[in-house]
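Subject: Handover of a structure

Dear colleague,

Please find the structure below, together with its sequence. My notes on what was found in it follow directly after.

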Amino acid sequence: MSTRVLVTDGMDAGAMARLRQDGYEVVEQYYEPDELGAALRDFDAVIIRSATKIKAPQVDAAKGGRLKLIIRAGVGMDNIDIPYAEAAGIACKNTPRASSNAVAELSLGLMFSCARNISIAGQTMRQQKWEKKAYSKGFELSGKTLGIIGFGRIGQCLGRLAKAFGMNVIAQDVYHVPGIEEEIGMRYVELDELFAQADIVSLHTPSLNGVKLICKENIDKMKDGVVFINTSRGDNVNEADLLEALNSGKVKAAGLDVFADEKNPNWELISHPHVSATPHIGAGTNEAQARIGAELVDIVENFAF
């Protein structure tokens, strides 16, 4: 009996073809949450992205079936109840290396958009308005201090890119990577020090389980006119507090790729003239998807079903 693999949220076509060539039966189909668990009973592995969530109800419904492996095509695994799945004998894996550069480059792109008013200026140009005076007072990234919260693979990649543009880099993380301060030319600081010193704050943490790291209390600790970037998880931000800070000018601009509720996002925040917004496309490059696909294939082929 061939190993059956369910792909719920799409996958690089080349990687899918490789799995099929290697003898795996690959089924590409999305299931609603109340149908997913029962469907998983007929598969040995499932590959998901951010749209599919596998929590306790899905794991319970899958028990007694064939499911042995859940793979998240990407970095964050907060859409999987890992302890519950592993307690049921289901392994959980991700592809942490493949999309780091893509997300870091988007973070840098959002910084440029905020610094040079690219989003709003482009919008007015499409409306056939020539508003040079309104948007010609931008600022340069060179010489600015970038505070990176969460200095894992993506944060480190962003730090290297920022240094190449002449930025000063400081970072906060619970784990300090040995030797990386000298390698990149950055330094670790405590969170309050980062808030006080950074001209730009970029968030790269996993989901904090409801803790709003970016909230009024912490925004008040930041410089006046700070720029905020988020390509991590939307639920780490109190969006009402961020909107209030944008309206008051405390936050000069924000670049956002993720939102608390991506099925029904805060359109008032997204439509703010000082917000550059993208629809969760951090890993959305051809190169990243090919790398993710290759990593997915390696995980499946090296797993003992």
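Leaving aside its neighbours within four places in sequence, Ala171 touches Ile148, Phe151, Met186, Arg187, Tyr188, Val189 and Leu194; contact here means heavy atoms within 4.5 Å. Ala171 belongs to strand 7. Helices (H or I, at least four residues) and strands (E, at least two) are DSSP runs, numbered from the N terminus. With a relative accessible area of 0%, Ala171 is buried; buried means under 20% relative accessible area, exposed over 50%, and partly exposed in between (1.4 Å probe, protein chains only). From Ala171 to Met186 the C-alpha distance is 7.5 Å, although the two are 15 residues apart in sequence.

Please note that this is a predicted model, in which local features need pLDDT of at least 70 and side-chain atom pairs count only at pLDDT 80 or more, while totals for chains, interfaces and linings use all residues. Residues are numbered from 1 along each chain as its sequence is written, and side-chain values use heavy atoms, with hydrogens and water left out.

Aromatic pairs

How many aromatic pairs does a search of the whole structure find? The search finds 3. Rings of Phe, Tyr and Trp (its six-membered ring) pair if their centres lie within 6.5 Å; planes under 30 degrees apart count as stacked, over 60 as edge-to-face and the rest as tilted. One of the pairs, Phe112 with Phe165, is edge-to-face, at 5.2 Å centre to centre and 75° between the planes. Phe112 is in helix 5 and Phe165 in the loop between helix 8 and strand 7 (168-172), so this pair ties together parts that are 53 residues apart in sequence. Phe112 counts as partly exposed because its relative accessibility is 29%, and Phe165 counts as partly exposed at 39%.

The rings of Phe151 and Tyr188 have centres 5.9 Å apart and planes at 85°, so this pair is edge-to-face. Distant parts of the chain are linked by the pair: Phe151 is in the loop between strand 6 (145-149) and helix 8, Tyr188 is in strand 8 (residues 187-188), and they are 37 residues apart. Both Phe151 and Tyr188 are buried.

Thr95

Thr95 sits in the loop between strand 5 (91-94) and helix 5. Is Thr95 buried or exposed? Thr95 counts as buried because its relative accessibility is 0%. Its side chain reaches the backbone nitrogen of Gly74 at 2.9 Å. Leaving aside neighbours within four places in sequence, the residues in contact with Thr95 include Arg72, Ala73, Val75 and Ile292.

Helix 12

Helix 12 covers residues 239-248, and Glu239, Asp241, Leu242, Leu243, Ala245 and Leu246 are buried in it. The buried residues of this helix pack against helix 11 (216-219), strand 10 (226-230), strand 11 (251-256), helix 13 (267-270) and strand 12 (275-277). At the start of helix 12, a side-chain oxygen of Asn238 comes to within 3.2 Å of the backbone nitrogen of Ala240. Gly249, which follows helix 12, has a positive phi near 90°.

Asn117 is not a glycine, yet has a positive phi of about 60°. Asn117 lies in the loop between helix 5 (100-116) and helix 6 (118-126), and counts as buried at 18% relative accessibility. Gln128, also not a glycine, has a positive phi of about 60°. Gln128 is in the loop between helix 6 and helix 7 (132-135), and counts as exposed at 77% relative accessibility.

The largest pocket

The largest pocket has a volume of about 870 Å³. On a 1 Å grid over the protein atoms alone, a pocket is an open set of points where a 1.4 Å probe fits, with protein on both sides within 12 Å along at least five of seven lines; lining residues have an atom within 4 Å of a point. Its volume is the space filled by probe spheres set on the points, which are joined across faces, edges and corners. Of the 39 lining residues, Val75, Gly76, Ile154, Ser232 and Arg233 are the closest to the centre of the largest pocket. Helix 8 (153-164) and helix 5 each supply at least two residues of this lining, and helix 8 gives the most, with 3 residues.

With kind regards

How values were computed: A polar contact is a pair of N or O atoms within 3.5 Å; within protein, one must be able to donate a hydrogen and the other to accept it, and residues adjacent in sequence count only if both atoms are side-chain atoms.
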